[in-house]
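Hi everyone, thanks for coming.

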Amino acid sequence: MNTSLSWIKMYVPDLDVTAQGYSDAMTLSGTKVEGYQRLDADLENIVVGQIKKIEKHPDADKLIVCQVDVGQEQPVQIVTGAPNVKEGDKIPVVLDGGRVAGGHDGKVTPGGIKIKKGKLRGVDSSGMMCSIEELGSSREMYPEAPEYGIYIFEDDVPVGGDAVKILGLDDVIFEYEITSNRVDCYSVVGIAREAAATFGKEFKPPVVKAVGNQEDAADYIRVTVEDEQLCPRYCARVVKNVKLGPSPKWMQRCLAANGIRPINNLVDITNYVMEEYGQPMHAYDLDTIEDAHIVVRRAEQGEEFVTLDGQTRIMDEDVLMICDGRKPVGVAGIMGGENSMITDQVKTVLFEAACFDGANIRKSAKRIGLRTDASGKFEKGLDPNNAQAAIDRACQLMEELGAGEVVGGMVDVYAQKREPVRVRFEPEKINALLGTDISKEEMLKFLDKVALRYEESTGEIVAPTFRQDIHCMADLAEEVARFYGYDKISTTLPTGEATTGRISFKQRIEQVARDVAEYCGFSQGMCYSFESPKVFDRLRLPEECPKRRAIRILNPLGEDFSIMRTLSVNGMLTSLATNHNRRNKNVGLYELGNVYLPKELPLQELPDERMQFTLGMYGKGDFYTMKGVVEEFFEKAGMRKKPVYEPSTLYPYLHPGRQAVVCYEGKEVAYLGEVHPAVAASYGIGERAYLAVVDIPSVLGFAGFDYKYEGIARYPAVTRDISMVVPKDVLAGQIESVIAQRGGKILEDLSLFDIYEGKQIKAGYKSMAYSVTLRAKDRTLEEKDVSAVMKKILHGLEGLGIELRS
Amino acid sequence: MSMKEKLQKIREEALERIQSSDGLEQLNDVRVAYLGKKGQLTAVLKGMKDVAAEERPAVGQLVNDTRAHIEDFLEETKARMEQILQEERLREEVIDVTLPAAKMETGHRHPNTIALEEVQRIFIGMGYEVVEGPEVEYDLYNFTNLNIPEDHPAKDEQDTFYISKDIVLRTQTSPVQARVMEQGKLPIRMIAPGRVFRSDEVDATHSPSFHQIEGLVVDKNITFADLKGTLEGFARQLFGPETETKFRPHHFPFTEPSAEVDVSCFKCKGSGCRFCKGSGWIEILGCGMVHPHVLEMCGIDPEEYTGFAFGVGLERIALLKYEIDDMRLLYENDVRFLRQF
């Protein structure tokens, strides 16, 4: 929403404020000014001049030398190439040292262009005559300006007068952000009311006089509203003997300042009233309305209609149509029809000011793909009581501007009159909510400024119907607060029962994950929650894989963002690929983000959102590096038992021989592996890459921060090395579980210190060497203790087909 | 030669050799030559049996004295030599301390998380609990219970992603408010950070997925002044003690009165710069008193309890605080970006 300052001043004549002052104060009282533009910011020293004499330039065919009276003792001499001026013309002249906004090609120069006297082809020229473009505006806004050449004033302007003022360019255009609850502020009158209240000035809205001849509009037109739900009110008035012509300058200026192009008196009046009252109006050529009957009804399914813009549009049953006795003539609240369009031949005009259901207009505009200024206003839900004021105002203007003869009376279909809302006035509750101590009288003064009147007899505030946002005490509190001043309300802290600030256990575990990942060299990434269904093929998931059952977004931004991810690895692989493409070496990333697993499709209840701790890396490190990070996380999360790694081929995007499922106390909690070379290649990661995914909900049951000190060993340890030749298919995990199980209580530690496969070892075998540390808590181990345990271990190992080396 | 003379001679020779020895090894040779098992002094001791019994104590004393004398001198010389050696070694071991450090390769936290942790720290300190809610959410919680009924224009304004008629990707973290209030445990002081979704195309200032932090306090006697005080304190902790706040009236369906909050630009201190687009102020959050209708719908008696709520855009804070000029960087995960935090 835009307004010019001058238009606001029409209703708040005493307003005397700078643009910045207006902007700041209005914003603080709740009408946010997004910005403003002073139309004369770059215009300086521009007066009305009159050309007294024109001579040819002695040395240039296309130039003329003018003597211009600028209201000073002596005329100034100006050389120009403009083709359209003649002696006697009154024109805007920028004097020597003044500034204009831009060139006559319409290009605006920031800061303006300074005009200095000089010589043009040897002839002195002091100042410049201006086109409308040089004054920073356009023919769109000043239709009387010539297409190419100097702007020429009407004859009655005073020579030497301020040209900027006369053109109405001494104005400021404000741009507002109006919130959706303040429908009334989508109008100049509405904003002016706020301005008057903000600055404590008198508000003088337009005085609407009931005009019209002795005839009755009801004799010209009949109105039937078939759907009162979608059309709570329909007002119709008639103007006959219409005389089309340009509207007056003041009206053109007002419209131009609001960015609306002046067209003719009839169109300009409807636009003017729409801006002024926020009520869109429509004008039909009454002679095109068959049977002199307007019918407001829902469209038929598939009904075709040609709108004003010449487009054929297809309707459905939810679109409301304005029809005459035989055919549709307009799409309600959106656009009129080509068939009832006003032409230059128009004799009698039918004005429509109606109120339509906002939500329906919004949906219809979307459905038929046509949003107009009118629909933009209607969809906010207008006040039906405003319609009459607007249509009367339009008729008044028609008469005042001599645009036609207004027929008396109004056809008004208004089944259920909207009444003002009443809210109990409870000043003590308002003070309690705001934390203020404002007197009742002061509150009433604030409320009264915006037409919220107190009714003594009932103790209620009566909110006019244009204030659709007032329903309860809190709404009144806001009105009081914004005129009292948000800035004047003190700052306190909540009192009352103390509460404990904390994060949840899950959040603590996530914090551990972040800490561990980072000190292991992984940086945190963030990936989108939605991705493309093509991801599944890329990850080589088989057709029947349950992970392919993803939640679809009904209105996605595109195929690439159309499903909620069921796996976190695509985001990680994409991020690794981005880094690889950009030649970043040794990259380690982690992400903490949800996957979304539907319980059933289509979704009936909310999906299982599972937080995944995903790690990915390439460059330095290998499978075992990744494994180390996972174990470090488990340990720091308080999972002190040894996780079990099962070789796996379950994950098709991982190398089939280099992936493992990680189980903790028998429950699967994570998996990791090397990225399948085909997958890595398809993502464009040109080297070995590794992934690990920890399912956070699965570890929560095992994690904890309940540490217990176990003492520092006081008795010496005994270390024994076991060197063995192991069949290739026996896993380190198997060997370790034998050692752990057989070592029993006195086994303190075991570690692999050598592994070798090669020529020296017989085919099908590998050489492995473990170091085993034994220690008792309560005594020094004796040789016999040690040898008994070692014997058990070695015996167990032999059971795996392992040969012991001496 | 008398025993005495003999010892005298041993002593002199020994001292002489200690004196002239060159290095710890030679010194050790001297020790062995005189004090070792087969050393000269040991040999003298072995010859004690030939000394007359009455002279033995005196001679024994002399032997011991001589031994002590040699030992002392040996130790002294050794210590001196060792000190010289150490000094030499230290001189040799001088390093170039300006050579590059052996870098500890640790990872880096995402700027969003750093900003979130700062915000959390501030509110936890004020007794707020950090809670979470689902990202795929019922329309009921995302809209209806927040006073945004069917057909409300805000539903369009927020460009919602729909999963079904009743299920959406949450457009705000505010539904967590409704969920917490519904549980009925009062008083409430909570913040709810999390991911939210709106159908905005990706560009330098928009992302279809971003983060918000919701705040909610519900108790008896909570006032708008409390809201102002709380957020002013928050802004000062986050942006510095000089930070000014400005509350402007605004509209949100689930709060009344509502406000938008600007902070004085922490870059130019309010004089106007590129960051604040010359205004000296930066908009950082929306807030208000919980709408009585919302309290009611969540089963809280608005006659007895009042509350305030606020919502902060996490990316907005991160972008401003760390001067990141393009939102897309946050989701690209380029380590050259991440390593700067």
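**A helix pair in chain B**

H1(B) and H2(B) cross in a right-handed way; that is, the near helix is turned clockwise from the far one by less than a right angle. Helices here are DSSP runs of H or I with at least four residues, strands are E runs of at least two, and both are numbered from the N terminus.

A word on the source: this is a predicted model, where local features need pLDDT of at least 70, side-chain atom pairs count only at pLDDT 80 or more, and totals for chains, interfaces and linings use all residues. Residues are numbered from 1 along each chain as its sequence is written, with chains lettered from A and ligands numbered from 1 in the order in which they are written.

Back to our pair: helix H1 of chain B covers residues 3-20 and helix H2 of chain B residues 24-35, and they pack at about 165 degrees with axes 9 Å apart. So H1(B) runs roughly antiparallel to H2(B), a label for angles over 145 degrees. Axes are lines fitted to C-alpha atoms over the stretch in contact, and angles run from 0 to 180 degrees between N-to-C directions.

Who touches whom? H1(B) brings B:Ile10, B:Ala14, B:Arg17 and B:Ile18, while H2(B) brings B:Leu27, B:Val30 and B:Tyr34. Contact means C-beta atoms, placed from the backbone, within 7 Å.

Finally, the whole chain: chain B has 13 helices and nine strands. Its C-alpha atoms fill a box of roughly 130 × 45 × 45 Å along the principal axes.

How values were computed. Parallel < 35°, antiparallel > 145°, perpendicular 65-115°, else oblique. Contact = placed C-beta atoms within 7 Å.
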